Amino acid sequence: MNLHVKSLIAAAAVVFVAQASAQVTFYGREGFRGRAFGVDRQVNDFARSGFNDRASSIVVERGRWEVCEDSNFRGRCVLLRRGNYESLRSIGLEDRISSVRPARRNARAVEPPPPARPVPAYQYRQRPNERLFQAPVSTVRAVVGPPEQRCWVERQQAATSRPDLNVPGAVIGGVLGGILGHQIGSGSGRTAATIGGAVGGGALGANIDRIRGGAATNDVRRCENVASNAPPQYWDVDYRFRGVTHHAQMSSPPGDTITVNGSGEPRER
């Protein structure tokens, strides 16, 4: 094995150890985004790493740590416990941290510690010294909540197999029709007119309600599903990296490319 290959392996090992042993990770943006800077021991001055006054969020993986405004632990210092600190605004240390060290066993916070979310941290956060790449996005699907239901009431004609007859009306109509028919003609003609008048009057009386009121109707409630107007809950994203298709769910729509690490895992910056 030549010297160049040995040097590359040694450098990779140093990077791996640095990632594995990092106990505190500082991020250049809120929500564990942006450049990441990890430490596992006391750092007197962030200026040497190019991260002075640049931290906006912190992940404390193990132990308790003291972060200070100025180098060599001067100025205002805050004690942080294990957890995720998505924003340093509430404690007034956003873009103001210059040194960090493990807290002494008997160290006490000068002020109440800021709220922290439990570990593990935001899954798409960048790890210290992690190399990043850009992968082209194949498809993006906005996922919203369940469809909304729109309902209305409409009036329609009632379907019946046989009409409802008005029996009292039929009786009265038959009597009146017979009387009127009896007034017409004489002899057998009068008899026929009486019978015809009774039949016609009965039929007219039986259907008088339908003639007067028209066809029966019912109020019918109808519904249909329509697309929801709510904003998307998340975005389903497919992207390709090194010949392999990957899938991720993002909290915001991606661009033409997505930031990933060497394994194709998404990283938001």
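**Salt bridges, rings and strands: reasons for the labels**

Me: What makes the contact between the side chains of glutamate 265 and arginine 267 a salt bridge?
Reply: Their N to O distance is 3.1 Å, and the rule asks for a side-chain nitrogen of Lys or Arg within 4 Å of a carboxyl oxygen of Asp or Glu. The model is predicted, with local features needing pLDDT of at least 70 and side-chain atom pairs pLDDT 80 or more, while totals for chains, interfaces and linings use all residues. Residues count from 1 along each chain as its sequence is written, and side-chain values rest on heavy atoms, without hydrogens and water.

Me: Why is glutamate 265 called partly exposed, and why is arginine 267 called buried?
Reply: Buried stands for under 20% relative accessible area, exposed for over 50%, and partly exposed for what lies in between (1.4 Å probe, protein chains only). Glutamate 265 has 39%, so it is partly exposed. Arginine 267 has 5%, so it is buried.

Me: Which residues do salt bridges with shared partners join into one network?
Reply: Glu30, Arg89 and Glu94 form that network.

Me: What makes arginine 141 and aspartate 238 a pair that links distant parts of the chain?
Reply: Arginine 141 and aspartate 238 have their closest N and O atoms 3.3 Å apart, in a salt bridge. Arginine 141 is in strand 8 (residues 132-143) and aspartate 238 in strand 11 (residues 234-241), 97 residues apart. Arginine 141 is partly exposed because its relative accessibility is 38%; aspartate 238, at 17%, is therefore buried.

Me: Why is the pair of phenylalanine 37 and phenylalanine 46 called edge-to-face?
Reply: The structure holds 6 aromatic pairs. Rings of Phe, Tyr and Trp (its six-membered ring) pair if their centres lie within 6.5 Å; planes under 30 degrees apart are stacked, over 60 edge-to-face, the rest tilted. Phenylalanine 37 and phenylalanine 46 have centres 5.3 Å apart and planes at 80 degrees, so the pair is edge-to-face. Both phenylalanine 37 and phenylalanine 46 are buried.

Me: What makes strand 2 and strand 6 edge strands?
Reply: The open sheet has 4 strands in the order 2-1-3-6, with antiparallel pairing. Strand 2 (33-39) and strand 6 (83-85) each pair on one side only.

Me: What puts the charged end of arginine 101 over the ring of phenylalanine 73?
Reply: A charge sits over a ring if NZ of Lys or CZ of Arg is within 6 Å of the ring centre and within 35 degrees of the ring normal. The charged end of arginine 101 is 4.2 Å from the centre of the phenylalanine 73 ring. Arginine 242 likewise sits over phenylalanine 133, at 5.0 Å.

Terms used: Pairing = 2+ DSSP bridges. Helix = DSSP H or I, 4+ residues; strand = E, 2+ residues; numbered from the N terminus.
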